[in-house]
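Subject: Structure for your review

Dear colleague,

Please find below the structure that I am handing over to you. My findings follow directly after it.

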Amino acid sequence: MPIQPLLDAATAAANLADIKPPLAPQEARIEANRCLFCYDAPCIMACPTGIDIPTFIRKITTDNVTGAARTILEANVLGASCARVCPTAMLCEGACVMLDLEKDPIQIGRLQRHATDHVAALGIDVLHAPAEKNGRTVAILGAGPAGLGCAAELARLGYAVTVYDKKPAGGGLNTYGIASYKMRPEVSLDEVRMIERLGVAFRYGVEFGRDVQAADLLASHDAVFIGIGLGGGNRLGIPGEDLPEVVDALDFIEQIHTRPLETVPVGRRVAVLGGGNTAIDAVTQAKRLGAETATIIYRRGPGEMSAYPFEYDLAKTDGATFLFDTAAVEVVAEQGHVAGLRLAKTAVRDGRVAVVPGTEWVEPCDLVLKAVGQEKQASLLGRLFPGLELDARGRVVHDPATMQTSLPRVFVGGDAASGGREVVNAVAEGTKAARGIHALLAGATERGPLQPSRLGMPDGAVGSGFDAPIRVSELEAALAKG
Amino acid sequence: MADLSTDFAGIKSPNPFWVASGPPSNTAYQAHRAFEAGWGGVVWKTIGEPIVNVASRYSGLTLGGLKMAGFNNIELISDRSPESNFAEIAAVKNRWPNHAVIASLMVDTRDRWHEFVKRSADCGADGIELNFGCPHGMCERGMGSAVGQNPEVAETIVGWVMEAATIPVIVKLTPNITNVVYAARAAKRAGANAISLINTINSITNVNLDTLVPEPTVAGRSSHGGYCGPAVKPIALNMVHACAADPEVGLPISGIGGIATWRDAAEFVALGASSLQVCTAIMHHGFRIVEDMKDGLSAYLESKGMRSLADLRGRAVPHVGDWQQLDLHSKRVARIDYEKCIGCNLCHIACEDGAHQCIDLVDAAPYGLGPGRVPGKPVPKVRADDCVGCNLCSIVCPVDSCITMTPVDTGRPAMSWHDYQAALASGAMQPIPPHP
């Protein structure tokens, strides 16, 4: 049977409403007043963009909410979307010293939303670009978080920036791929408009390699930034994969953002393949759009899922069910439509997951959502940038300090560089790349906000605060050392 | 239970907690409610020629989300007639014969003082408190703090009161004066039976940054008002101590100023107070707060082996003296308990920018030290040799008993500034070199 929309508009909208609603002004002040205003705060160190979190929270306590937004956005131009989509429990809030006092951490994400909502609602621009440009131009491929981070930083440094994207609007996955109960696309589109007001030009509907050639961009610009993210969803490689009700999870989520909710078709019995955060986003939204059952099917156990623990909890709360140590071996069709999944139990043999023979059964379902990862852009990148060095996993090789690639005037950031991380990592890498480009073209260095120097102290005191605070790069180095 | 019963200059009450003269003691209704809640006494809102009040009257100081950390008012004395007030005092005394009711008075001429003192005794009040303290409104008419700020005038008026008084007289002192002891001595010279302090402190709590008119606002204008509440307690404690320690004063002291808990009360008693008056905390939370004040004070006395308030009264007075009596050789240093440290580094930045640069941020690893939530995060470490023992780090630390100021034995005998000057004069020692 073809699948249909299941809920009316009002019910669907209510089901997909914010799971973390905005703080009222007094709630925000009370929460902000709980912050200890740590020095060299661990939350700053845990933020990939190094937002001076204690400072912006203190500004909320003094009712300088616009100033709070400036502190946030100067470090992270996508502060509004990160406030909603960051896994804060794994980042800033997970580092909050309140946890060591056996208290709830400060709700940094919601406070950040409070500040960025304030300037968005009042139409206040806290970031500015110099009126006089520096005469240099940069082309940016991809209007996702990495590209936007790079574009905003370069615009503020005086560059003429043009961003190219194949979609009809900017924002990348922030606009098209985030669960609705975390963020509405309008927030992301607002961020794009803010960056437009910094003087950045956007060209949409552009297919790289067809409409735009990298060689031309390199000829007409001083530098190029690659922020093209990842490609389409990986294929399952099983029979029945091309039936109409076998849908990429990101495409399903994009429909929720681009169509009226009451027109999004949803199965009554939905199967989601995969164990990552996208699988969670898909299974919870299927359930919230009226699916009677929504089941995650994952080849390994719950402990191996790449989804964060709080995402797993959310799915369970939403009534999703889980089949662990299970693999799909065939999509079963009836009259040209999905009728079920042939599943089999799996076991780990010699470190690899393998189907256990003789354990097969058919689980009825009418919609299969694929969340088994996205393809790397290796072939596209190879065609666009001959000589661009990629690693064995298809990621663009780069200098982690500057994000410069093997081609001197080509920089990279976001999922194309990392293989797939958080929005906040992508913004951070884009911003870092902008500073790398600035260092290359202008010989100048730019740094993030600084805490006061300890230069002049006797005995060479160590730790952060010499001339630059500890940032997440040092944290990662420490983590890597174990 | 420790004995909390109080005999204050002959005024008896079941406990030392009195409702101070102010909005909570304006009516018989409130007095009944106060006594039902457990208060030992009520100092009636000041009776005088009826006045006219304004709207608004109060403003509050909010600190870090804490409401009423300080409080200010421009309300005047009772706006009810003396007849109503004295009649209600009589009714309250009739219902509560073992509780203290004190008539607070403020009038101008000698005859009026004689009349109001007599009417107070006639209605059955246990005592009289002379309001020489209100710093707003009434002082512009030659009363309130205008009296309290001039010891000679105060002495004259107390003298008039004592000519007619048949019940104990308490003089309420204003803190809006260079040295409160002179006012206390004037009360003593004129024959007063006791003093109470402090009245409110002249203040402007805040300015409305939209209208640029301070609060409380009356039709676009404001006026300075009396400041009180928890924020004034340190000022009150100092003045109570000054009066308690002065050999010429020698009067029972009713402590007033920011008392909100049994701990505050115990501190006032330790510095010499015999009864305790509370207003702002009642205005914030109601009469019910007295239950914990009594319960907590009694438990504290018992825990220290004290049977009554007399065992605590004045015990802290001899511990306070002039700076020159302090030991210049005493040393203490901050010690951080890394089992408790949460890594906020507030001690570091406070010492670094606000004090004496003695707490470094160091790599945690070589010390095997605390907070492990963020790897590689530096931890604070005190350079004990350089620590001046100022307390700042232990004050800013948000964790109970994480930073302890630990005495260090210098092996040197105690030496006061006085001793030091004498030793220098006799050539027994060289000057202590200045701090580098």
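This is a predicted model: local features need pLDDT of at least 70, side-chain atom pairs count only at pLDDT 80 or more; totals for chains, interfaces and linings use all residues.

Chain B has a mean pLDDT of 94, and 97% of its residues reach 70 or more. For the complex, the predictor reports a pTM of 0.89 and an ipTM of 0.87.

Overall form of chain A

Chain A contains 19 helices and 14 strands. Its C-alpha trace spans about 75 × 55 × 50 Å along the principal axes. The radius of gyration of chain A is 23 Å, which agrees with the value near 23 Å that a compact globule of 482 residues would have. Of these 482 residues, 48% count as buried. Among the contacts in chain A with a separation of 6 or more, 70% are between residues 24 or more positions apart.

The chain is divided into domain 1 (20-122), domain 2 (137-231 + 375-442) and domain 3 (246-370). Taken over C-alpha atoms, the centres of domain 1 and domain 3 of chain A are separated by 34 Å.

Helix 2 of chain A

Which residues of helix 2 (residues 25-34) of chain A are buried? They are A:A28, A:R29, A:E31 and A:A32. Seen down the helix axis, the buried residues of helix 2 fall within an arc of 170°, so they line one face of the helix. The elements covering the buried residues of helix 2 include helix 4 (53-61) and helix 8 (108-122) of chain A.

Nonpolar cores

The largest nonpolar core has 159 residues, and within it A:A151, A:V272 and A:L369 touch the most other members. Helix 18 (residues 423-442) of chain A supplies the largest share of this core, with 8 residues. A second, separate core holds 96 residues, including B:C139, B:V169, B:I195 and B:W262.

To return to A:L369, its contacts, leaving aside neighbours within four places in sequence, are A:V247, A:A249, A:F252, A:V270, A:V272, A:A282 and A:A286.

Overall form of chain B

Chain B comprises 13 helices and 20 strands. Its C-alpha trace extends over about 80 × 60 × 50 Å along the principal axes. Of the 436 residues of chain B, 47% count as buried. Residues 24 or more positions apart make up 73% of the contacts in chain B with a separation of 6 or more.

The domain assignment gives chain B a domain 1 (6-319) and a domain 2 (323-426). The centres of these two domains of chain B, taken over C-alpha atoms, lie 40 Å apart.

Where in chain B does B:K340 lie? This residue is in the loop between strand 17 (331-336) and helix 11 (346-354). B:K340 counts as partly exposed because 16 other C-beta atoms lie within 10 Å, whereas a buried residue would need 20 or more and an exposed one 12 or fewer. Not counting residues up to four places away in sequence, B:K340 touches B:V399 and B:C402. The C-alpha atoms of B:K340 and B:I403 are separated by 8.9 Å, although the two residues are 63 residues apart along the chain.

With kind regards

Methods:
Residues are numbered from 1 along each chain as its sequence is written. Chains are lettered from A and ligands numbered from 1 in the order in which they are written. Domain bounds come from an automatic or database domain assignment. Helices (H or I, at least four residues) and strands (E, at least two) are DSSP runs, numbered from the N terminus. The radius of gyration is taken over C-alpha atoms; the globule rule is 2.2 Å times the number of residues to the power 0.38. Two residues are in contact if their C-beta atoms, placed from the backbone, lie within 7 Å. The arc is that of the directions from the helix axis to the C-beta atoms. pLDDT is the predictor's confidence in each residue, from 0 to 100. A nonpolar core is a set of buried Ala, Val, Leu, Ile, Met, Phe, Trp, Tyr and Cys residues joined through C-beta atoms within 7 Å.
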